[in-house]
Amino acid sequence: MNKPEIPEGTIHKLPADLKKALITNTNGLAAWNDITPLARNEWICWVENAKLIETRKRRIERIPKELSEGKRRPCCWIGCIHRPDKPISKSVQWALDKQNKSI
C-alpha cells in the first residue's frame with residue numbers, strides 16, 4: 001500500500017510525525033493541500049522550532065485541527081527565519097534578540 005504524497009514547504013521538508021498526523025485527519029489533510037507552499041513552510045518550521053519534545057507533540061496534534069478550523073498559518077509565532085529570499089524584518093529580529101537574551 002502506497003502512502004499518499006503530501007506537499008511540503010518551500011524550505012522545510014515534511015517531517016514524518018507531522019505527515020502521520022495529517023494522514024489521520026481527512027479535513028486537516030484537505031486544508032493542508034489547499035494552503036500555499038509558504039503557509040505549509042510556516043507550519044513545518046513552527047513544529048521544528050519547538051525546543052521540547054512535548055511542545056513538538058502538542059503542535060503536531062494542533063495542526064490538523066487548526067487547519068480544519070480554517071487557520072492558514074500558526075498563530076502567535078514570528079514566522080520562518082530560514083527563507084533566503086526574504087530578509088528578517090525588524091520586528092522579527094527584535095523578537096529573536098529578546099528570545100536569545102532569555103536563554
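I looked up Trp43 to start: at 0% relative accessibility it counts as buried. Buried means under 20% relative accessible area, exposed over 50%, and partly exposed in between, with a 1.4 Å probe and protein chains only.

I note that this is a predicted model, where local features need pLDDT of at least 70, side-chain atom pairs count only at pLDDT 80 or more, and totals for chains, interfaces and linings use all residues. Residues are numbered from 1 along each chain as its sequence is written, and side-chain values use heavy atoms, with hydrogens and water left out.

Next I checked aromatic pairs. The rule pairs rings of Phe, Tyr and Trp (its six-membered ring) with centres within 6.5 Å; planes under 30 degrees apart are stacked, over 60 edge-to-face, the rest tilted. I got 1 aromatic pair. Trp43 and Trp46 form an edge-to-face pair, 5.7 Å centre to centre with 75° between the planes. Trp43 and Trp46 are separated by about one helical turn because they sit 3 residues apart in helix 3 (residues 37-48). Helices are DSSP runs (H or I, at least four residues), numbered from the N terminus. Trp46 has a relative accessible area of 4%, so I logged it as buried.

Then I turned to Glu66, in helix 4. Its relative accessible area is 7%, so Glu66 is buried too. What does Glu66 touch, not counting residues up to four places away in sequence? I found Trp43 and Lys71. Contact means heavy atoms within 4.5 Å.

Last entry: Ile88. I placed it in the loop between helix 4 (53-68) and helix 5 (90-102). Ile88 counts as partly exposed because its relative accessibility is 38%.

Definitions and conventions
Helices (H or I, at least four residues) and strands (E, at least two) are DSSP runs, numbered from the N terminus.
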